[in-house]
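Student: I am new to this structure and would like to go through it step by step. Could we look at it together?

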Amino acid sequence: MAAADVGRRLADQIRRAGPITFAEFHGAAVDAFFGEGRGAGRAGRDFITSPEVGSLFGTLVARALDEAWRRLADPDPFVLVDAGGGRGRLLADVLRARPACSRALRAVLVERSPALRDEARAVLDLEPAAVALGPFARDALDEPAEPILRSGPVVTALRDLPAVALTGVVAANELLDNLAVRLVERRDGGWAEVRVALAHDDSRFEELLVEAPADLAGVADELAGDAVVRHGDRLPIPAAAGHWLAHVATTLPRGELWIIDYADETAGLLSRGPNGPSGWLRTYRSHGRGTSPLDAPGEQDVTCDVALPWLRRAAARAGFTVQHETTQADWLRGLGLDELVGAGRQRWDAGAHRGDLEAIRGRSTALEGAALTDPAGLGAHHVMLLGRGEGRGPARPPAG
Ligand SMILES: C[S@@+](CC[C@H](N)C(=O)[O-])C[C@H]1O[C@@H](n2cnc3c(N)ncnc32)[C@H](O)[C@@H]1O
């Protein structure tokens with residue numbers, strides 16, 4: 001739905017059926033925003049993500065992919081799903097790095113926005129969805145079709161996670177912070193839910209606090225745990241991410257889920273609060289911060305830090321075990337970022353006076369390394385590596 005229409009549709013819905021949950025508003029606003037092809041990228045877009053910094057991130061993810069492939073005992077086919085993969089930059093860079101698993105690889109861009117899936121054609125050689133996991137062959141008509149080995153990489157783009165069971169990796173870089181959340185606020189020792197209503201003169205959306213339904217209050221209590229929660233404190237309850245995790249679990253009976261995102265523990269969420277420059281509920285547009293999340297739905301990105309205790313519990317319920325948690329900076333260093341950056345610097349030092357392409361690429365790698373490990377930026381992203389199913393070897397040990 002176009003950004004211009006989403007505000008009207010939400011207003012109609014509220015007039016007809018009363019205030020809606022923040023998650024309903026959030027989901028519609030995010031879908032409309034990305035649906036128009038907006039989102040991650042440099043000039044002319046809205047915010048920078050790790051794949052959009054340059055190809056270094058994808059080069060290192062390709063190494064992580066080979067490690068996972070070996071942990072899973074070299075399956076063929078081996079599927080990499082880039083969930084919420086935007087315009088395909090990460091998959092393109094992973095494929096360009098030619099990982100050892102390439103011949104077994106089926107790379108699937110899962111992206112809700114049709115405009116971004118279309119844009120991905122510029123960097124990915126996309127096969128029709130029907131052959132996404134193929135090619136298959138059968139020896140005789142009454143035999144089941146078997147995948148043809150060593151026929152990768154096959155690349156495709158889908159709107160939703162594949163509906164079949166796969167062995168491989170589902171990677172989600174900055175997806176979960178875009179999945180719709182419900183909001184709760186501590187009131188008189190209990191929980192209120194933040195709903196979205198219309199102002200009396202219909203001119204804008206505004207918050208309305210109602211008593212939280214018992215199931216939502218239960219999730220809020222669980223997330224609050226032992227933390228000190230004061231009157232007026234708020235917490236985000238990931239609503240859509242729970243459904244998404246359950247879907248990943250059915251798609252991935254055996255494999256790994258990598259979540260890389262803005263995230264925090266309950267105490268951090270409580271002390272930072274939702275608002276202000278360091279708040280956990282933020283809006284972005286045109287490489288700057290936007291205004292209130294209730295303003296202009298569809299015209300700004302609305303993102304919310306992932307509540308880590310909730311995520312650990314939801315992942316465990318979906319059958320995943322946490323293999324490793326770290327920061328993006330440490331994860332990438334463990335995959336060899338420093339050597340690649342060092343080699344890049346040497347190429348720049350050797351060729352800077354000539355300014356040739358090789359030297360400029362070297363300088364770019366060094367700059368990308370700094371951006372990807374910046375402790376005040378992308379380097380602080382939380383990395384949660386999860387596993388599911390039998391036959392996995394040991395996870396990557398903590399860097400250092
Ligand atoms: C913040 S962007 C990240 C894009 C990309 N992963 C990157 O790092 O550059 C989030 C992306 O997730 C997509 N998205 C949101 N909800 C989704 C869902 N349920 N399934 C698939 N994609 C979704 C959005 O359309 C958007 O392109």
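**A buried histidine**

Tutor: His 381 is buried, with a relative accessible area of 2%; buried means under 20% relative accessible area, exposed over 50% and partly exposed in between, with a 1.4 Å probe and protein chains only. This is a predicted model, in which local features need pLDDT of at least 70 and side-chain atom pairs count only at pLDDT 80 or more, while totals for chains, interfaces and linings use all residues. Residues are numbered from 1 along each chain as its sequence is written, and side-chain values use heavy atoms, with hydrogens and water left out.

Student: Where does His 381 lie?

Tutor: His 381 lies in the loop between helix H13 (357–373) and strand E19 (382–388). Helices (H or I, at least four residues) and strands (E, at least two) are DSSP runs, numbered from the N terminus.

Student: And which side chain does His 381 have a polar contact with?

Tutor: The partner is the side chain of Glu 174, at 2.9 Å. A polar contact is a pair of N or O atoms within 3.5 Å; within protein, one must be able to donate a hydrogen and the other to accept it, and residues adjacent in sequence count only if both atoms are side-chain atoms.

Student: Let us turn to the ligand. Which residues come nearest?

Tutor: Of the 17 residues around the ligand, the nearest are Thr 49, Gly 84, Glu 111, Arg 112 and Asn 173. A residue counts as near if one of its heavy atoms lies within 4 Å.

Student: What polar side-chain atoms lie by an oxygen atom of the ligand?

Tutor: Thr 49 has one at 2.6 Å from an oxygen atom of the ligand, and Asn 173 has one at 2.8 Å from an oxygen atom. The protein covers 94% of the 600 Å² of accessible area that the ligand has on its own; these areas come from the Shrake-Rupley method with a 1.4 Å probe, and for residues only the protein chains shown count as cover.

Student: What about Arg 112?

Tutor: A polar side-chain atom of Arg 112 is 3.0 Å from a nitrogen atom of the ligand.

Student: Now strand E3, please. How many of its residues are buried?

Tutor: Six of the six residues in E3 (residues 105–110) are buried. Leu 105, Ala 107 and Leu 109 point one way, and Arg 106, Val 108 and Val 110 point the other way.

Student: Which strands does E3 pair with?

Tutor: E3 runs parallel to E2 (residues 78–83), with six bridges, and parallel to E6 (residues 154–158), with five bridges. Two strands pair if DSSP finds at least two bridges between them. Arg 106 is the bridge partner of Val 79 and stands opposite Val 154 in E6.

Student: What about strand E12? How many of its residues are buried?

Tutor: Seven of the eight residues in E12 (residues 254–261) are buried. E12 pairs with E7 (residues 167–173) in the parallel sense over seven bridges, and Asn 173 has Ile 260 as its bridge partner in E12. Seven bridges also join E12 to E19, and these two run antiparallel.

Student: One last topic: in what order do E14, E15 and E16 stand?

Tutor: They form an open, antiparallel sheet in the order E15-E14-E16. Strand E15 (288–289) and strand E16 (301–304) are at the edges, each with a single partner strand, so one side of each is left without a neighbour in the sheet.
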